Amino acid sequence: MKTDTRSTARLQRDPLVRGLGWASALLGVPQVVAPAGFARALGVDGALRHRSATTAVGVRELAAATGLLGRPHPAWLWGRVGGDLMDLTMLARALKNHNGRGLGRTAAATAAVTAITTTDVYAAVTRTRRSTPMELTAATTVTRSPDEVYALWRDLERLPDFMAHLEEVRVTGPRTSHWRAGAPLGRAVEWDAEITQEVPGRLVAWRSVDGADIDNSGEVRFVPAPGGRGTEVRVTLRYDLPGGALGKAVARAFGEEPHQQLDDDLRRFKQIAETGEVVRSEGAPGGKRARGEFPQHPARPLTADELKEALA
């Protein structure tokens, strides 16, 4: 019950969920009050069957608005998705049997409902919390001492310098911080985190606290590399990806596959630790692709010492 209450409270504060609720209300009222006029606005005639269908859709929209604005739950979002598919079916039939009058308005309405369907699917997937925890691991070797590498990572407010999905990390206390990250379709998620374990120069672990948009935890270990060749950075992240497997597929479609993202983050961390900045090739785009891209300079030829180290 406590989890359900937290979920409801989270969705009540969610601007996308509230926006969809108000959209349902604004669409539902005219369809119920003036179904013939609404049907004509869509480019179809005011025949009884069209008025009846418009009224039924309006009632459905008002029900969705009541649920999303009153006691939001992912079921209402999936209800909108189902309704969108019904609307698209009816509009496709109307286009097929159209007499030509108002055809442009019907085509425009079909395009608009298609866009709304995309938004509803995204909202339903990302707000459905039925996923199992996902665990990601990655590692890299940095040619710096464990203490130096640890100090760089422990400076939490610098994490967005190399983590593409992070927009801001703000330290709020000796062991607490507030995080803001980007998500697919331009959405942002936020959470407060606390450090749960820390061994300077060796380990730092954290977890999100209650109320996080995405529950997550993780740890970074700093292990001396064999032969005194620097530090092995071993990262483990655990979190619930909204929407489970479907949510992961959506994230991948928008270029945010989690495993690849973590590998890229560590590559940039290595570059900052070793050179002080993120390096790119001459052919790579300047600036940030994920978040305006990182401050970068074109790749340079290796120095004699760097070449010797690479060959070794």
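**Entry 1: ground rules**

A salt bridge, as I use the term here, is a side-chain nitrogen of Lys or Arg within 4 Å of a carboxyl oxygen of Asp or Glu. I am working with a predicted model, in which local features need pLDDT of at least 70 and side-chain atom pairs count only at pLDDT 80 or more, while totals for chains, interfaces and linings use all residues. Residues are numbered from 1 along each chain as its sequence is written, and side-chain values use heavy atoms, with hydrogens and water left out.

**Entry 2: the whole chain**

I began with the overall make-up and found 10 helices and 9 strands in the protein chain. Helices (H or I, at least four residues) and strands (E, at least two) are DSSP runs, numbered from the N terminus.

Next I looked up burial: 40% of the 312 residues count as buried. Buried means under 20% relative accessible area, exposed means over 50%, and partly exposed lies in between (1.4 Å probe, protein chains only). The accessible surface of the chain comes to about 16,700 Å², and carbon and sulfur atoms hold 58% of that. Those areas come from the Shrake-Rupley method with a 1.4 Å probe; for residues, only the protein chains shown count as cover.

I also checked contacts, meaning heavy atoms within 4.5 Å. Among contacts between residues at least 6 apart in sequence, 54% join residues at least 24 apart.

**Entry 3: helix 9 and the cores**

How far apart are the end C-alpha atoms of helix 9? I found them 26 Å apart, which agrees with the 26 Å that its 18 residues (258-275) should span at 1.5 Å a residue. The expected span is 1.5 Å times one less than the number of residues.

I noted several buried residues in helix 9, among them Leu-262, Leu-266, Phe-269 and Ile-272. An α-helix has 3.6 residues a turn, so residues three or four places apart point the same way. Just after helix 9, I saw that Gly-276 takes a positive phi of about 90 degrees.

Then I turned to the nonpolar cores, each a set of buried Ala, Val, Leu, Ile, Met, Phe, Trp, Tyr and Cys residues joined through side-chain atoms within 4.5 Å. The largest core has 36 residues, and Trp-153, Leu-159 and Val-233 touch the most other members. Helix 9 gives the most to this core, with 5 residues. Leaving out residues up to four places away in sequence, I listed the contacts of Trp-153, including Leu-159, Phe-162, Met-163, Val-233, Leu-266 and Phe-269. A second, separate core has 8 residues, including Val-17, Leu-68, Leu-77 and Ala-123.

**Entry 4**

Two strands pair if DSSP finds at least two bridges between them. Strand 2 (residues 166-171) pairs with strand 3 (residues 176-182) in the antiparallel sense over 5 bridges, and a hairpin of 4 residues joins strand 2 to strand 3. Here I found Glu-168 opposite Arg-180.

Strand 3 also runs antiparallel to strand 4 (residues 188-199), with 7 bridges between them. In that pairing, Ser-177 stands opposite Ala-193.

**Entry 5: salt bridges**

I counted 16 salt bridges. I followed three of them.

- Asp-120 and Arg-80 meet at 2.9 Å, N to O. Asp-120 lies in helix 6 (residues 103-127) and Arg-80 in helix 5 (residues 74-96), so the pair ties together parts 40 residues apart in sequence. Asp-120 is buried at 1% relative accessible area, and Arg-80 is buried at 4%.
- Arg-175 bridges to Glu-198, with the closest N and O atoms 3.8 Å apart. Arg-175 sits in the loop between strand 2 and strand 3 and Glu-198 in strand 4, 23 residues apart. Arg-175 is partly exposed at 39%, as is Glu-198 at 24%.
- Glu-190 bridges to Arg-180, with the closest N and O atoms 2.8 Å apart. Glu-190 belongs to strand 4 and Arg-180 to strand 3, so this pair ties together parts 10 residues apart in sequence. Glu-190 is partly exposed at 30%, and Arg-180 is partly exposed at 29%.

I also looked for shared partners: salt bridges join Arg-60, Glu-61, Arg-80, Asp-87 and Asp-120 into one network.

**Entry 6: a stop at Thr-110**

Is Thr-110 buried or exposed? I found Thr-110 buried, with a relative accessible area of 16%. Thr-110 lies in helix 6 and touches Leu-88, Leu-91 and Leu-95, not counting residues up to four places away in sequence.
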